Amino acid sequence: MTFLNPLVLFGLIAAAFPVLFHLFAQRKARKIEFSSLRFLRQLEKSSMRKVKLRQILLLLLRTLLIIFLVMAFARPTIQGYLGGFFGSSSANTTLVCLIDNSASMEQRSGGTTAYKNAQDAAGKLLSILNEGDEVILIPLADIQPGKQYEPLHSVPDIRKAIFDMRTKDAPARVGDGLRVASAALSNSLNINKEIYLFTDAQKSNFAVEDSAAEQLTLFDERS
């Protein structure tokens, strides 16, 4: 198993904090003998055993919670025998690229357009692909909800599809793109599933319609 964000694993140090808190909280109480209360010692010992058991279980749960959170953010990927069982030495990936090909992406900055930068960034993702991985390209400005976008497996075919994509005089529909991507990933049999969004983040791209057909956005109108 490898991790896409291995630096996050340093966060496992935090798993020691609940243990340290537990140890420091274990202060020995001063014993004071009362002859009239000696018959309660057995009851006290039984109660203390139950309390200590609860404390140990709570300590274990807190420690495991921290470990699982850190492992999740480190994004583990499967390699070795289990990955080979699925057809390669590492678990295969379905990668969805949501590419904003709206007209606003043609704005130039620094001698190039935002769309060209998006294409170049999407092209760089091809270097992380392994045999058996697949890429689904979804153009957000002319997306067709309900359409099944076929995955591409050949790096030359994927690169050609990225750079053959053209901008459209329409806003990018990010919401529809995410829904189509979610449906595509749910149909994928690969273990690893990732979504990449390439956009200039124009507010109009995030507009959605509610049940009353009124336009809402994900942003405050004052921003």
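Colleague: What is the accessible surface of the protein, and what share of it belongs to carbon and sulfur atoms?

Modeller: The accessible surface comes to about 15400 Å², and 61% of it belongs to carbon and sulfur atoms. Such areas are computed by the Shrake-Rupley method with a 1.4 Å probe, and for residues only the protein chains shown count as cover. The model is predicted: local features need pLDDT of at least 70, side-chain atom pairs count only at pLDDT 80 or more, and totals for chains, interfaces and linings use all residues. Residues are numbered from 1 along each chain as its sequence is written, and side-chain values use heavy atoms, without hydrogens and water.

Colleague: Why is Thr63 called buried?

Modeller: A residue is buried under 20% relative accessible area, exposed over 50%, and partly exposed in between (1.4 Å probe, protein chains only). Thr63 has a relative accessible area of 14%, so Thr63 is buried. Buried residues make up 28% of the 223 residues in the protein.

Colleague: Where does Thr63 lie, and which residues does Thr63 contact beyond its neighbours within four places in sequence?

Modeller: Thr63 belongs to helix H2, residues 41-74. A helix is a DSSP run of H or I with at least four residues, a strand is a run of E with at least two, and both are numbered from the N terminus. Neighbours within four places aside, Thr63 is in contact (heavy atoms within 4.5 Å) with Ala15, Pro18 and Val19.

Colleague: Why is Gly175 called partly exposed?

Modeller: Its relative accessibility is 22%, so Gly175 counts as partly exposed. Gly175 is found in helix H6, residues 174-186. Gly175 and Phe206 are 31 residues apart in sequence, and their C-alpha atoms are 6.5 Å apart in space.

Colleague: What span is expected for H6, and what span does H6 reach?

Modeller: The expected span is 1.5 Å times one less than the number of residues. H6 has 13 residues and reaches 18 Å from its first C-alpha to its last, close to the 18 Å expected.

Colleague: Which residues of H6 are buried, and how do you know where they fall around the helix axis?

Modeller: The buried residues are Val174, Asp176, Gly177, Val180, Ala181, Ala184 and Leu185. Seen down the axis of H6, they fall within an arc of 165° (from the directions of the C-beta atoms), so they line one face of the helix. Arg179 and Ser186 are exposed on the other side of H6. The cover over the buried residues includes strands E3 (93-99), E6 (134-139) and E7 (192-198).

Colleague: What makes E6 and E7 edge strands of their sheet?

Modeller: Three strands form an open sheet in the order E6-E3-E7, with parallel pairing. E6 and E7 each have a single partner strand, so one side of each is left without a neighbour in the sheet. The twist averages 15° from one strand to the next.

Colleague: How many bridges join E3 to E7?

Modeller: Two strands pair if DSSP finds at least two bridges between them. Seven bridges join E3 to E7, which run parallel, and Leu95 stands opposite Glu194 in E7. H6 packs on the sheet, touching E3, E6 and E7, and its direction makes about 165° with that of E7. The axes are lines fitted to C-alpha atoms, for helices over the stretch in contact, and angles run from 0 to 180 degrees between N-to-C directions.

Colleague: Why does Ala201 count as partly exposed?

Modeller: Ala201 has 45% relative accessibility, so the residue counts as partly exposed. Ala201 lies in the loop between E7 and strand E8 (208-209). Its phi is near 60°, a positive value in a residue other than glycine.
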